[in-house]
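This report describes how a protein chain is folded and which of its residues lie inside. Please keep the sequence and the structure in view while reading.

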Amino acid sequence: MAIDISKRPDRQIRKITISQKKRSGITSDLMKIIAVIAMTIDHIAWVYVPLDSALGQIMHILGRITAPVMCFLVAEGYYKTRNVKLYARRLGLFAVLSHIPYVYFETGSVNIFRSFPGTSIMFTLFLGLQALIVMDSGRYSKNAKNIIVFLLCLLSMLGDWGGIGVVWIIIFGIYRNRKIQIQYFSISGAVMIILSIIFSLTNKAPWYGQLFQLGIFLAVPLLYKYNGVRKGGNCSRWFYYIYYPAHMVLLKAVYPLVLSLSVYIVKLVSGK
């Protein structure tokens with residue numbers, strides 16, 4: 001089945017083809033499931049497991065899978081959605097709705113300014129999508145596009161995975177060859193890790209504390225195996241949007257209960 005993007009409401013100028021035949025590899029829905037599981041493991045670790053422990057490092061390594069996959073799927077969504085404007089509005093809406101859960105997860109408070117200037121990765125994904133829209137638009141000159149995209153990258157620094165998240169979405173959006181995508185993703189990811197280590201050293205933190213960031217490269221096999229097929233319906237799509245803010249609230253809300261239960265078990269085992 002051919003989808004002519006030039007005829008959809010937002011007048012994009014590309015054309016893609018989506019085969020309805022079964023393909024080997026990983027569907028976008030399976031990639032989302034893997035990303036959600038990795039994200040949950042990562043967030044459990046941030047709440048309950050010390051970063052400098054072996055278990056904490058392992059859990060965060062697995063958790064690094066999520067951001068690259070989410071950025072990749074946003075770029076794929078841009079090309080395959082029938083209405084980019086609606087897609088952008090949906091991302092923007094959940095960027096707003098996810099802010100308070102994000103603040104609560106990070107600080108334990110519902111004061112929306114408590115984590116300022118910080119907000120969730122949904123904000124970064126939204127700006128990354130905006131960058132693709134600008135780059136694909138015929139309304140702006142090349143210089144204007146470069147300036148707008150640069151400003152979007154700067155603005156994304158307010159969000160989780162800011163800066164690099166927008167860069168990854170642009171890479172996955174501009175380069176449609178999978179090998180080239182992964183090549184530039186790997187280069188930019190390596191630069192990010194090096195900068196993270198340098199930042200840690202300038203703050204007199206151990207450099208090896210950032211090695212868990214190497215987990216972003218665990219996403220590479222998933223990107224290679226992606227077959228371009230989406231099997232889930234609207235229900236599964238809305239599940240992923242809702243799960244993100246909901247799981248952060250739940251993990252943080254049950255923390256006092258888990259802590260009390262842990263103390264009780266320790267006392268019970270020690271006989272005190």
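A residue is called buried when its relative accessible area is under 20%, exposed when it is over 50%, and partly exposed in between, with a 1.4 Å probe and protein chains only as cover. At 5% relative accessibility, M122 therefore counts as buried.

The model is a predicted one, in which local features need pLDDT of at least 70 and side-chain atom pairs count only at pLDDT 80 or more, whereas totals for chains, interfaces and linings use all residues. Residues are numbered from 1 along each chain as its sequence is written, and side-chain values use heavy atoms, with hydrogens and water left out.

**Overall composition**

The protein contains 12 helices and two strands. These elements are DSSP runs numbered from the N terminus: helices are H or I runs of at least four residues, and strands are E runs of at least two. Read from the N terminus, the order is β-β-α-α-α-α-α-α-α-α-α-α-α-α.

Of the 272 residues in the protein, 46% are buried. The protein exposes about 15,000 Å², and carbon and sulfur atoms supply 68% of that area; accessible areas come from the Shrake-Rupley method with a 1.4 Å probe, and for residues only the protein chains shown count as cover. A contact means heavy atoms within 4.5 Å. Among contacts between residues at least 6 apart in sequence, 71% join residues at least 24 apart.

**The nonpolar core**

In soluble globular proteins, nonpolar side chains tend to be buried together. A nonpolar core is a set of buried Ala, Val, Leu, Ile, Met, Phe, Trp, Tyr and Cys residues joined through side-chain atoms within 4.5 Å. How many residues does the largest nonpolar core have? The core has 60 residues, and those with the most contacts inside it are M31, L125 and W168. Helix α3, residues 66-80, gives the most to this core, with 10 residues.

W168 touches A67, P68, C71, W161, F185, S188, G189, M192 and I216, not counting residues up to four places away in sequence. One of these partners, W161, is found in the loop between α7 and α8. W161 counts as buried because its relative accessibility is 16%. The phi angle of W161 is near 60 degrees, a positive value in a residue other than glycine.

**Helices α1 and α3**

Two packed helices are described by the angle between their axes and the distance between the axes. The axes of helix α1 (residues 28-48) and α3 come within 9 Å and cross at roughly 150 degrees. Such axes are lines fitted to C-alpha atoms, for helices over the stretch in contact, and angles run from 0 to 180 degrees between N-to-C directions. On the α1 side, S28, M31, K32, A35, A38 and M39 meet T66, V69, F72 and L73 of α3. By class, this contact has seven nonpolar, two polar and one charged residues. In this classification, Ala, Val, Leu, Ile, Met, Phe, Trp, Tyr, Cys and Pro count as nonpolar, Asp, Glu, Lys and Arg as charged, and the others, Gly among them, as polar.

V69 is found in helix α3. With a relative accessible area of 1%, V69 is buried. Beyond residues up to four places away in sequence, V69 touches M31, A35, A219 and L222.

**Pairs separated along the chain**

The table lists pairs by their separation in sequence and by the distance between their C-alpha atoms.

| Pair | Residues apart in sequence | C-alpha distance |
|---|---|---|
| V69 and I169 | 100 residues | 9.9 Å |
| M157 and F123 | 34 residues | 9.6 Å |
| M122 and S98 | 24 residues | 7.3 Å |

M122 is found in helix α6, residues 121-135. Its contacts, leaving aside residues up to four places away in sequence, are L91, F94, A95, S98, Y241 and Y244.

**Residues in loops**

Is M157 buried or exposed? M157 is exposed, because its relative accessible area is 53%. M157 lies in the loop between α7 (142-155) and α8 (164-174), and it touches G162 and G163 when residues up to four places away in sequence are not counted.

The loop between α9 (178-202) and α10 (219-225) holds Q210, and K204 is found in the loop between α9 and α10. Q210 counts as buried at 17% relative accessibility, whereas K204 is exposed, with a relative accessible area of 78%. K204 has a positive phi of about 60 degrees although it is not a glycine. Q210 is in contact with S196, I197 and S200, leaving aside its neighbours within four places in sequence.
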